[in-house]
Amino acid sequence: ILTSTDGKKWTPRESGTSNSLLGVSYANGLYVAVGAKGTILTSTDGKKWTSSNSGTSIPLLGITNGNGIFVTVGGNILKTVILSSQDGISWTTRKTGLFELNSDVTYGKGLFVTVGNDFSTGTILTSTDGKKWTPRESGTSNPLLGVSYANGLYVAVGANGTILTS
């Protein structure tokens, strides 16, 4: 973990884990980092980090916060996971009804959006509350790897140069 006050000079911080960290989000005075083996770390200052129990050993690949809720997603070749938390410390597993590898998640315009792939089909799931998820048609067979929201536009990117907008 590295922190910076100006984006130029970076200071290494002790995370307390040797697991790879793959995503970070900040909301309501709390940083939440996620990563390999279901790792979840929290910090109020970005300097001192505390481990939280995710309830899974599945790699967590992306995290976001919206409407006061943290949502993290992940998966591997055998399993997939979506977790949600109101405080960033206690997490609940959410079911989607699909076997999708969730690569990333974002929040915007009152909607959580996660992307990934489900048996060679680009997967998009949406949720208004971070708990109940609805599959959406992606129109691509390519795995989707990242998603972001800004200025009224969702953008998803994936394998083979795939770029989707909504």
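1. Let's start with Tyr31, written Y31. In this predicted model, Y31 has a relative accessibility of 30%, so the residue counts as partly exposed. The label follows because partly exposed covers values between the 20% cut-off for buried and the 50% cut-off for exposed.

2. Now look at a ring partner of Y31. The ring centres of Y31 and W49 are 6.3 Å apart and the planes meet at 55°, so this pair is tilted. The pair joins distant parts of the chain: Y31 sits in strand β4 (residues 30-35), while W49 lies in the loop between β5 (40-43) and β6 (50-52), 18 residues apart. Is W49 buried or exposed? With 12% relative accessibility, W49 counts as buried.

3. Searching the whole structure turns up 5 aromatic pairs. One of them is Y26 with Y31: the centres are 4.5 Å apart and the planes stand at 50°, so this pair is tilted. Y26 counts as partly exposed, at 47% relative accessibility. Follow the ring pairs in your viewer and you will see Y26, Y31 and W49 linked into a cluster.

4. Strand β15 (residues 144-150) pairs with strand β16 (residues 153-158) in the antiparallel sense, over 6 bridges. Which residue of β16 stands opposite A150? That residue is L153.

How values were computed:
Residues numbered from 1 in each chain as written. Predicted model: local features only at pLDDT ≥ 70, side-chain atom pairs only at ≥ 80, totals over all residues. Heavy atoms only, no water. Pairing = 2+ DSSP bridges. Helix = DSSP H or I, 4+ residues; strand = E, 2+ residues; numbered from the N terminus. Phe/Tyr/Trp six-rings, centres within 6.5 Å; stacked < 30°, edge-to-face > 60°. Buried < 20%, exposed > 50% of the residue type's maximum accessible area, 1.4 Å probe, protein only.
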